[in-house]
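Hello,

Here is the structure I promised to pass on to you. Please have a look at it first, and then read my notes below.

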Amino acid sequence: MTTVLKPRPATADNLPRIANVASVADALTDVLADTYRLVLKSHIYHWNVTGPLFVPLHDMTEEHYTDMFTAADVLAERIRALGRPALIAPADLAARQDGQNADASLSAERMIKDLLSDHETLAAKMRALVDTAETAADPVTADLATARANFHEKAAWMLRSMAT
């Protein structure tokens, strides 16, 4: 006879035992907003790139924003699994002080450099999230952040290779 285990809804007594859930959830929320911001920027550049680099950058940005859109869902679901709401305010999607808004009038070369900077920044934030998660004894979030850091580091390498 097979026993079927029914999942229990998340409650305070069956959430993952994580030393500092708030620090992990806050860091996840931060990278979720940054991921969404980069999805939007990549999409805008995808629509508006022109010139000799049109095809490779158009294709690359589509691959990137598709991956990151899926990743945003995974990040949000992890926040929910930790018992916190997954929220992004519209203000969170505006460029931060260390970034700029997508500018559809940029040359393909400038778009590449702008995206490169954002991927490098997000890779570094994902690495910091790994540290936060490991300190909080949360290997699930650490693994998720490691995978996302890998994606952003690869994206940065590809963009760096295209840069003139």
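**The core and what surrounds it**

The largest nonpolar core has 41 residues, and the members that touch the most others are Leu28, Leu57, Leu75, Met126, Leu129 and Leu159. H1, H2, H3 and H4 are the elements that give two or more residues to this core, and H3 gives the most, with ten residues. By nonpolar core I mean a set of buried Ala, Val, Leu, Ile, Met, Phe, Trp, Tyr and Cys residues joined through side-chain atoms within 4.5 Å. Buried stands for under 20% relative accessible area, exposed for over 50%, and partly exposed for what lies in between (1.4 Å probe, protein chains only).

Before you go further, please note that this is a predicted model, in which local features need pLDDT of at least 70, side-chain atom pairs count only at pLDDT 80 or more, and totals for chains, interfaces and linings use all residues. Residues are numbered from 1 along each chain as its sequence is written, and side-chain values use heavy atoms, with hydrogens and water left out.

**The chain as a whole**

You will find four helices and zero strands, so the pattern along the sequence reads α-α-α-α; helices (H or I, at least four residues) and strands (E, at least two) are DSSP runs, numbered from the N terminus. The chain has 164 residues, of which 38% count as buried. If you take the contacts (heavy atoms within 4.5 Å) between residues at least 6 apart in sequence, 83% join residues at least 24 apart.

**Inside the helices**

Helix H4 (residues 139–162) has 24 residues and reaches 35 Å from its first C-alpha to its last, close to the 34 Å expected at 1.5 Å a residue. That expected span is 1.5 Å times one less than the number of residues. The buried residues of H4 include Leu144, Phe151, His152 and Leu159, and what covers the buried residues of H4 includes H1, H2 and helix H3 (108–135).

Serine 42 sits in helix H1 and counts as buried because its relative accessibility is 1%. Beyond its neighbours within four places in sequence, serine 42 is in contact with Thr61, Tyr65, Met68 and Leu115.

**Charged pairs**

There are nine salt bridges in the structure, each a side-chain nitrogen of Lys or Arg within 4 Å of a carboxyl oxygen of Asp or Glu. Here are three of them.

- Aspartate 34 and arginine 37 meet through their side chains at 2.4 Å, N to O. They are separated by about one helical turn because they are three residues apart in helix H1. Aspartate 34 counts as buried at 9% relative accessibility, and arginine 37 is buried with a relative accessible area of 14%.
- Lysine 41 and aspartate 114 form a salt bridge at 3.0 Å, N to O. This pair links distant parts of the chain, with lysine 41 in helix H1 and aspartate 114 in helix H3, 73 residues apart. Both residues are buried.
- Aspartate 138 pairs with arginine 78, and their closest N and O atoms are 2.8 Å apart. Here the loop between H3 and H4, which holds aspartate 138, is linked to arginine 78 in helix H2, 60 residues apart. Aspartate 138 and arginine 78 are both buried.

Salt bridges that share partners also join Asp30, Asp34, Arg37 and Lys125 into one network.

**Two more details**

How many aromatic pairs does a search of the whole structure find? The search finds one: tyrosine 36 and phenylalanine 69, edge-to-face, at 6.1 Å centre to centre and 75 degrees between the planes. Rings of Phe, Tyr and Trp (its six-membered ring) pair if their centres lie within 6.5 Å; planes under 30 degrees apart count as stacked, over 60 as edge-to-face and the rest as tilted. The pair links helix H1 (residues 21–48) with helix H2 (residues 54–81). Tyrosine 36 counts as partly exposed at 27% relative accessibility, and phenylalanine 69 does too, at 48%.

Lastly, alanine 137 lies in the loop between H3 and H4, and its phi is near 60 degrees, a positive value in a residue other than glycine.

Best wishes
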